[in-house]
Protein chains: 2
Amino acid sequence: MQIDNINVSKYPGSKKKYVDGKLFPIRVAMREVIQHPTIEIVKGKRVEHPNAPVTIYDTSGPYTDPDVIIDINKGLPRIREKWVEMRDDTYIQQDITSEYGKARRADKNLDSIRFPISHKPRTAKEGKRVTQLHYARKGIITPEMEYVAIRENLDNEQRGIKTYITPEFVRDEVASGRAIIASNINHPEAEPMIIGKAFAVKLNTNIGNSALSSGIEEEVAKAVWSCYWGGDTLMDLSTGDNIHETREWIIRNCPVPVGTVPIYQALEKVNGKVKDLTWDIYRDTLIEQCEQGVDYFTIHAGVLKEHAKLVQERLTGCVSRGGSIMTQWCVEHNQESFLYEHFEDICEILNKYDVAVSLGDGMRPGSTHDANDRAQFLELEVLGRLTEIAWKHDVQVIIEGPGHIPMHKIKENMDKEIEACHGAPFYTLGPLTTDIAPGYDHITSAIGAAMISWYGTAMICYVTPKEHLSLPNLNDVRDGVIAYKISAHAADLSKGLPGANVRDDALSKARYEFRWKDQFNLSLDPERAKQYYLESRRDAPEADDKFCTMCGPNFCAMRISQNIAEACDK
Amino acid sequence: MQIDNINVSKYPGSKKKYVDGKLFPIRVAMREVIQHPTIEIVKGKRVEHPNAPVTIYDTSGPYTDPDVIIDINKGLPRIREKWVEMRDDTYIQQDITSEYGKARRADKNLDSIRFPISHKPRTAKEGKRVTQLHYARKGIITPEMEYVAIRENLDNEQRGIKTYITPEFVRDEVASGRAIIASNINHPEAEPMIIGKAFAVKLNTNIGNSALSSGIEEEVAKAVWSCYWGGDTLMDLSTGDNIHETREWIIRNCPVPVGTVPIYQALEKVNGKVKDLTWDIYRDTLIEQCEQGVDYFTIHAGVLKEHAKLVQERLTGCVSRGGSIMTQWCVEHNQESFLYEHFEDICEILNKYDVAVSLGDGMRPGSTHDANDRAQFLELEVLGRLTEIAWKHDVQVIIEGPGHIPMHKIKENMDKEIEACHGAPFYTLGPLTTDIAPGYDHITSAIGAAMISWYGTAMICYVTPKEHLSLPNLNDVRDGVIAYKISAHAADLSKGLPGANVRDDALSKARYEFRWKDQFNLSLDPERAKQYYLESRRDAPEADDKFCTMCGPNFCAMRISQNIAEACDK
């Protein structure tokens, strides 16, 4: 199988920029939006005042670098390979060790859909833990830490904006568990990024096929597309055919950390029969995915047998796929969850590859009615205990959160999470602030996501317009990502993140000065902004008029304002 | 001119319902969504449990009543005419009194675009004030007050939900100035609605042509369309041709209160030359519009001469059209604003028709950079003083608010407004929580609108995806209204408005029970929800499967939850 190169637009009016590390030979990728000068007419003469370029956090990876030749069939450059090697605490295995992985590889029928290049997996040397948390606790600053420090600061230094984000600060945040750098040593293609309350709010996108739709090529295209629009991490939630092979294509071509919910694949392996799930099958699935390079696993280890009866009190039961699977397993076996019982074993696998654990909220409310109920908060307590265990094993942890929560109950979620989970980063799905708008749940949830991020959530999982209705297509992914970029950025402004306002101020200045192209280029979706403008101004394709059709030339307040300014200056 | 009837969809699965008044012979229009029963299989037998219909606040007026014959060329039934008559404090004028109105009527060239029926305007008898505030202060409960009390409660009584909203409570809220019922005696077609913190959050839509686009028929269609989707009030912001005639068509066919910004038309009358604006022209414009039936006027009387220099300190100057016009006028004449100077005269006009004043925020920030600055808050203080003056004249008042405000600065706006303006209802545009998403400002602002409504804003002015870029089309109006319905409803839930959760709970229950059609019908946009579902399920047009393509049949948590419930029951 060969995949045609995926056509990625370049960001208009922008160029790729790399900032060199000071501690390590690293190049941190960013995007720079070039601006037009401000034109002033002074005594009849045209004077140009330059506007500095604006540097933007760039999640698109090498796809938007004209100097990199992209070949989906070869995968992205493996930038972190040397950094991992240099630490000298890992080795390249002779072979994969997952039984399932071996079986898939041996199956000649799969050759036609297999990723063409096979990389041997890397693992920790005997007795070693290779997580960023481990290094941070030892006081070590890694290239990953310097990378994210530079990345978060954008052009703050050039602009003279004070920042608290240094490599040392990053190390301390990671060491304390308040931030994670999800970075499986087998996913060296990913550019390091940090998830933590003290940093820019991140957003996760979900892709993946279901039994009813979507093939490998489409999923890879979705992955690249979601990074282009601003997804910081990517969860492959495939539950359909060829999960193993689909994932390989995605990881090899994904410049951001990739997460999965391993129980989905484990369930596929037992043909969807929940009762047949076993620890051995699950364990092999973890190893299979660790070896492929998944950066974080959602594990619903907080769903306990005793929770099943609490679910019965609810309006909408258990709406987490993983949570409902584990609940059913507990009920059918009348036994405690194997994820909970084997959690220490899980951690001992994860710390050999630096896979972070995202503790799933199997009991998240599926309706505003069920928000903040007993099932939800009891599970949160369990997640707190599991956090301590993971940290004992030097495994990086984030905590998943709800769901459907009316506005007045959002803050309690954040406060309780910080308390119960000792400050581990919160990673929430929305929350949706009302249930009555299927078809628009990117909006019902963008409201909740913005608020909870302001309160301290580190990463928000996007919701597309198709939530509750069907699998999102490319356009839905774009709509979902942009809605969540808005929430994340609105929160960054409110948190007072150093330099967060630079882009807003630049765009507003461009708007006020009728530099339409700069306004478009600085926006989250330049293409759409321009398209909307031009729809009604086909006669003005150069977009340099001092008004738009919203108010027309005589009623443009900005134009009038400038007249006033001139009048006042006289 | 004849306008073809505008084709308004009927709400699917719904019927029009009228609730009779107890104090007055009034019929309060509502919408009822009929639900399918819940099916349970008990010992192999199918048992049906009925689900009660859900009553929904209905802004669509007679357009969705199959028993009313709509003729755009005749206008809507004049339901309030008798109520006004019965009060016996008004009379029907022999003729219109506005000079401009007379001139337009005399112009034969306009016959072709004129609304076919001419109603003589009504005005207060000598020495009378005919505002709802006046009656409320006298301790009188009007039919309008009973209407809104019934309307706000929906089916709370039938459901046994406790409510504080009684006709007496409405009267007290209106008397205190904390709520208004905008109801020009010359717009008897409008169904009474209340704007106040203690009631459901309302949303305003803006329509109107600009010099560059849109004709009468298109604007009437937009008006009807915005009511269909849930607009509670409608501002006609036309600044193009034939403002007078366009407005007549809109008012005669609009079932919700209509607002305008009279300075726009006044400026058209002087050919866009700000300097030529005079009190006389403005005054005649007010009378012209009072006689037509405009229910509330945005008046930027808080923009003072001294504010002009404050605007110079800003990143984006003055972005209010009315505000910038008045600032320019003050600067050019080196004189105090005639709106401010003549505010008592204005009030004495308004209380003869019961036109409410919406005190415009000419100094609202046009960028997050300018949020909560001196210009903005100084103007708010002036608005507080004007509120007292308006109340002295028994004129109902709402206060307009920003604009562009980052989340952490939103609450201060609400708190300051309540303090400065003595609890008069706040009516905000968004606010937009970031500047970086042109093309998606319905979302950047839905976040702020939801939050500020939760904090106490009574009405939010929608923003469409085209904000800052161009005039919205029908689809943008729909997107804007739905985004704001979401914000308003999310706020109602958070405020604990009696019965606000009924629709959420019903929809969530329908979702959990895979009653897809009920889920669609209960949603804010049934059409789109259904369309999204069917896009990927063309094979299942009846929408009765127990899963969707988002998760597929094996991974549907809701389905699994029900298996668990059954297992637990055994």
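Among contacts in chain A (heavy atoms within 4.5 Å) between residues at least 6 apart in sequence, 75% join residues at least 24 apart. The model is predicted: local features need pLDDT of at least 70 and side-chain atom pairs count only at pLDDT 80 or more, while totals for chains, interfaces and linings use all residues. Residues are numbered from 1 along each chain as its sequence is written, chains are lettered from A and ligands numbered from 1 in the order in which they are written, and side-chain values use heavy atoms, with hydrogens and water left out.

**Chain A as a whole**

Select chain A. Its C-alpha trace spans about 85 × 50 × 45 Å along the principal axes. Buried residues make up 67% of the 570 residues in chain A; buried means under 20% relative accessible area, exposed over 50%, and partly exposed in between, with a 1.4 Å probe and protein chains only.

**The two copies**

Show both chains. Chain B can be laid on chain A with an RMSD of 0.0 Å by a turn of 180° and a shift of 0.0 Å along the axis, the superposition being by least squares on C-alpha atoms of residues with pLDDT of at least 70 in both copies. The two copies are thus related as by a two-fold rotation axis. To locate this axis from chain B, select B:Ile447, whose C-alpha is the nearest to it in that chain, at 2.3 Å. The copies meet through the same surface, since 100% of the interface residues of chain B are also interface residues in chain A.

**The core**

The largest nonpolar core has 312 residues, and A:Tyr282 and B:Tyr282 are among those with the most contacts inside it. Such a core is a set of buried Ala, Val, Leu, Ile, Met, Phe, Trp, Tyr and Cys residues joined through side-chain atoms within 4.5 Å. Select A:Tyr282: beyond its neighbours within four places in sequence, its contacts include A:Pro262, A:Phe338 and A:Ile346.

**A covered strand**

Select residues 296–299 of chain B, strand E13. In a regular strand the side chains alternate between the two faces of the sheet. Here B:Tyr296 and B:Thr298 lie on one side, B:Phe297 and B:Ile299 on the other, and all are buried. Strands pair if DSSP finds at least two bridges between them. E12(B), residues 258–260, runs parallel to E13(B) and is joined to it by 2 bridges, with B:Gly259 opposite B:Tyr296. E14(B), residues 356–359, is also parallel to E13(B), through 4 bridges; B:Thr298 stands opposite B:Ser358.

**Backbone details**

Most residues other than glycine have a negative phi, and most peptide bonds are trans. Select A:Pro402 and A:Gly403, which a cis peptide bond joins, with omega about 10°. A:Gly403 is in the loop between strand E15 (397–401) and helix H16 (410–420) of chain A. Next, B:Leu154 has a positive phi of about 50°; this residue is partly exposed, with a relative accessible area of 25%. Finally, phi of B:Phe514 is near 55°. B:Phe514 is in the loop between helices H19 (501–512) and H20 (516–522) of chain B, and is buried, with a relative accessible area of 8%.
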